Amino acid sequence: MTASNQILPPPTERYTILNWLRKNLFQNWLSSIVTLVMLYVIFVSLRGILVWTLTEGQWQVIIANLRLLMVGQYPLQQIWRIWIAVGIFGALIGLSWGLWIRQKLAATLITLGGPFLLALLPVDTATRLTWVGVGFITAAGFGLARVFPRFLRRIVLVAWLVYLPVVLLLVRGWTAENGPIPTVGTNIWGGLMLSGLIAAVGIILSFPIGAALAIGRMSRYPLISAFCVVYIELIRAVPLITVFFMSQTMLPLFLPSGFNIDPLMRAMTAFTLFNAAYMAENVRGGLQAIPKGQHEAAAALGLSSFQSLRLIILPQALRNILPILTASVIGSFRDTSLVMIVGLLDFLGIARVVLAQPQFLGRHIEVYIFLAFVYWLISYIVSYIGQMIEARTGVDATRR
Amino acid sequence: MRKILFVMVILSVLLAACAPAATPAPAPAATTAPAAAPAATAATGNAAVKPTGFGDILKGVLARGKLKCGINPSNPGFSVIDSTGAASGLDIDMCRAVAAAVLGDPKLVEFVPTTGDTRFTMLQTGDIDVLIRSTTYTFTRDTDLGLNFAPPYFYDGQGIMVKKASGFTKLEDLNGASICMGRGATTELNLADAMAAKKLKYTASLFDNPDDVFSTFEQGRCDAMSNDKSGLIAQRSMAKNPDDYVILDVTLSKEPLAPVVRQGDDQWYDIIRWTEFALWIADEKGVTQANVDDTKAKSQDAELQRLLGVNGEMGAKLGLKNEWAYNLIKSVGNFDEIWQRNLGPTTKTAIQRGINNQWTKGGLLYAMPLR
């Protein structure tokens, strides 16, 4: 204890903008020239994009089709169901933020202000008011979490677990046409909602399957490990697009006639099974990084192999693979755009639909810029949340 | 090393096991075709002998209360979805006509988006009841895939578009020209055949993306572009000045677009065929949405009386209500009304009726007599 007190922290440099500029951009004449040239290139290209975006782009195509792009052909009278899902999501985000990530002020402000920012979009008043409502719900969740942190922790975790099934049920509906929650066929699900649902189902379900496969692959029993190895290697040797094609065009031919699985269900299953193989390898990486001593120590304490897995190995392994997990979540989200090829109208698919509208023919650039922006925004948010969780669980501290 | 070997062995065994299972995938569809064919011929001889599968699709549609119609969600003029989520287009209205004939209400249809790759499988497996997706009627599709094509409702063909300023008017003018087109065997081959037949030389520029074809052509980097005529018209309509472009009066290929059903249910096949014929008879005889009630009450034309259910039990012969044709004309209109709504001169995707007119006006649409 005394020894560590005598170790001095490394000398810190005075961190001014001028210092930083000199050190990073204008160290010598060569780096100064490179800096200036690069600045000019960035300026020219950015100016081109900005001028085009602000003056030439005809954004009416996005404004008019915002609903189509977000929820596809989901019937207008039933959209409140999606709003409820969004509201619950906002509340859960607010609660979780308040419980676990509240330290970062700027990020907290952006999270809580997000729904209000969305209310500024050029949409109708009702939609704006709804976003403001979602904003208040999020803020209320955050406030509640600050007041009753102990009480809420378990409840929020359980709520996250049941969130997706509840949303799927709500979006699909269960009563007849004239009932209060009529069934909405998956053929008219679409837009960003569909991409989000496919990604969420694929990522969340693939995690336990992947973990099981990873553990199975390292199993002592040859049959189990052989099965897992074959599954993982077979799936990983095939492009996702082939898996989708198999699920949409070949699988139905093998099924007995009259036994039809919904095309969306087929796509979601294919996506989950595909992701599980990659997830398995991520988890295996984490498992193998745990030193053998940990297993042995657990055994010495008298823990069964299941107990040691649950209490000792998995918690460490999962923490280790958080960065790669974030990366694969982002990758999976973007991979969902491939379902367009099998005829599902996800975010990209519905964009093609928008581009075919006679009054908006030829508006490709606007639509694709919007798409790219939304994909970037969501990926960035996921990446940021990943960093927050990493910081929270101390991945940074142990690794640096 | 041993482990790797073991994995390799397992993998190769699995692949070997998979390969024979995977290759005959289209087989179930192909094998049903010959099996159903003799049964179908038998049915024509004796009305009491019904082939297997006869009536199944209609039963399914009636039980479900909805028609499942396979469409292309992004094909200007034929099937588009507007910003409110509502579908419109020639293909869409054909689907609605079938729904109106079968279920009495054009709204009782589920539009199922399909792609060029998934459409036939979805039909074979019953994901959709009928495919109305600008699908070209060809020999192989009709025979090999176990499908049946109803009469074409749109006779398309590959055409050539040039700039008006160029002064080109016929194929011979394009000797030595550069022609832009989409990559894909038929477009290239049709043009190559046509040019070779007239001993004309040209340079082909191929693109994967149809939009690139037009933008390259628009920038003047090629003298002409080739595509299906309906596609050319849609692409011309998105130009800044559509009047600067001319579609030559040349047709390089036959692309008859027809509704498709799966083989083995002749009743359903008949329903689709006679839905089209009903639309055409109404077009030929000038029965419109507006005057159909009047016609039904007053017309002395025996065929129209049978069509609208005044005389005879025509609907029952199809397994439908007697007002089947009345319903579809009343709610969707005749074929010309559908055309004008989606491809008429007031739309952005205007296409001349041309060969798609009634036979009485020099076109190819010819409804069989309803008697």
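Analyst: Two strands pair if DSSP finds at least two bridges between them. Helices (H or I, at least four residues) and strands (E, at least two) are DSSP runs, numbered from the N terminus. This is a predicted model, in which local features need pLDDT of at least 70, side-chain atom pairs count only at pLDDT 80 or more, and totals for chains, interfaces and linings use all residues. Residues are numbered from 1 along each chain as its sequence is written, and chains are lettered from A in the order in which they are written.

User: Why are β1(B) and strand β5 of chain B said to pair?

Analyst: Pairing requires at least two bridges; β1(B) and β5 (residues 130-131) share two, in the parallel sense, so they pair. There, B:C69 stands opposite B:V130. β1(B) is also joined to β4 (residues 109-113) of chain B, in parallel, by five bridges, with B:K68 opposite B:E110.

User: What makes strand β1 of chain B largely enclosed?

Analyst: Buried means under 20% relative accessible area, exposed over 50%, partly exposed in between (1.4 Å probe, protein chains only). Four of the five residues of β1 (residues 67-71) of chain B are buried, so the rest of the structure largely encloses this strand.

User: Why are β10 and β12 of chain B described as standing at the edges?

Analyst: The open sheet has five strands in the order β10-β9-β11-β8-β12 (chain B), with mixed pairing. β10 (202-207) and β12 (245-247) each have a single partner strand, so one side of each lacks a neighbour in the sheet.

User: How is β12(B) joined to strand β8 of chain B?

Analyst: Three bridges join β12(B) to β8 (residues 158-163), and the two run antiparallel. B:V246 in β12(B) is the bridge partner of B:V162.

Note on methods: Heavy atoms only, no water.
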